[in-house]
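Welcome! Please take a look at the sequence and the model before reading on.

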Amino acid sequence: MKKYVGIYKDEAGGLTDSGRIVMDAWVFEIIPGSETCAGWDEAQMQCLADKVAAAWKRFDSSSSNLPEDLRMRHALVYEHAMMRGRDAGWNPELSGED
């Protein structure tokens, strides 16, 4: 069974679908900020993804709808991720995402 490598060993500094699930789980305090999810299997990651999706649903899946404390935490978590990503060679213009 495939295991997640953990956000700090993930591609592009964690700017992947799995990495975003981990970061959003940090934002919503579903898992502690020290949890990287290294070694988690697909079922564990899917369970976390479901919890994150439920948390986002309360805010219509938009960071602009987050209360101030969560919006600030979201901005900080993603700012750090983008710095890690750039250090790992990630280029937002080449990421293929809108």
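This is a predicted model: local features need pLDDT of at least 70, side-chain atom pairs count only at pLDDT 80 or more; totals for chains, interfaces and linings use all residues.

Residues are numbered from 1 along each chain as its sequence is written, and side-chain values use heavy atoms, with hydrogens and water left out.

**Salt bridges**

- A salt bridge here is a side-chain nitrogen of Lys or Arg within 4 Å of a carboxyl oxygen of Asp or Glu, and the count by this rule is two.
- One of them joins Glu29 to Arg73, with 3.7 Å between the closest N and O atoms. This pair links distant parts of the chain, 44 residues apart: Glu29 sits in the loop between helix H1 (17-27) and helix H2 (42-57), and Arg73 in helix H3 (residues 68-87).
- Helices are DSSP runs of H or I with at least four residues, strands are runs of E with at least two, and both are numbered from the N terminus.
- How open are these two partners? Glu29 is exposed, at 57% relative accessible area, whereas Arg73 is partly exposed, at 25%. (Buried means under 20% relative accessible area, exposed over 50%, and partly exposed in between, using a 1.4 Å probe and protein chains only.)
- Glu68 and Arg71 form a salt bridge as well, at 3.5 Å from N to O. Both residues belong to helix H3 and are three residues apart, about one turn of the helix.
- An α-helix has 3.6 residues a turn, so residues three or four places apart point the same way.
- Glu68 is partly exposed, with a relative accessible area of 46%, and Arg71 is partly exposed too, at 34%.

**Helix H1**

- Why is H1 described as largely enclosed by the rest of the structure? The description holds because eight of its 11 residues are buried.
- The buried residues of H1 are Gly19, Ile21, Val22, Met23, Asp24, Ala25, Trp26 and Val27.
- These buried residues pack against H2 and H3, where contact means heavy atoms within 4.5 Å.
- After H1 comes Glu29, which has a positive phi, near 55°.

**Residues in helix H3**

- His74 is found in helix H3 and is buried, with a relative accessible area of 15%.
- Met82 is another residue found in helix H3, and it is partly exposed at 31% relative accessibility.
- Leaving aside neighbours within four places in sequence, Met82 is in contact with Leu15 and Trp90.
- Met82 and Lys57 are 25 residues apart in sequence, and their C-alpha atoms are 24 Å apart in space.

**The segment before H1**

- Lys3 lies in the segment before H1 and is partly exposed, with a relative accessible area of 47%.
- Apart from neighbours within four places in sequence, Lys3 is in contact with Gly39, Trp40 and Asp41.
- How far apart are Lys3 and Ser61? They are 58 residues apart in sequence and 27 Å apart in space, C-alpha to C-alpha.
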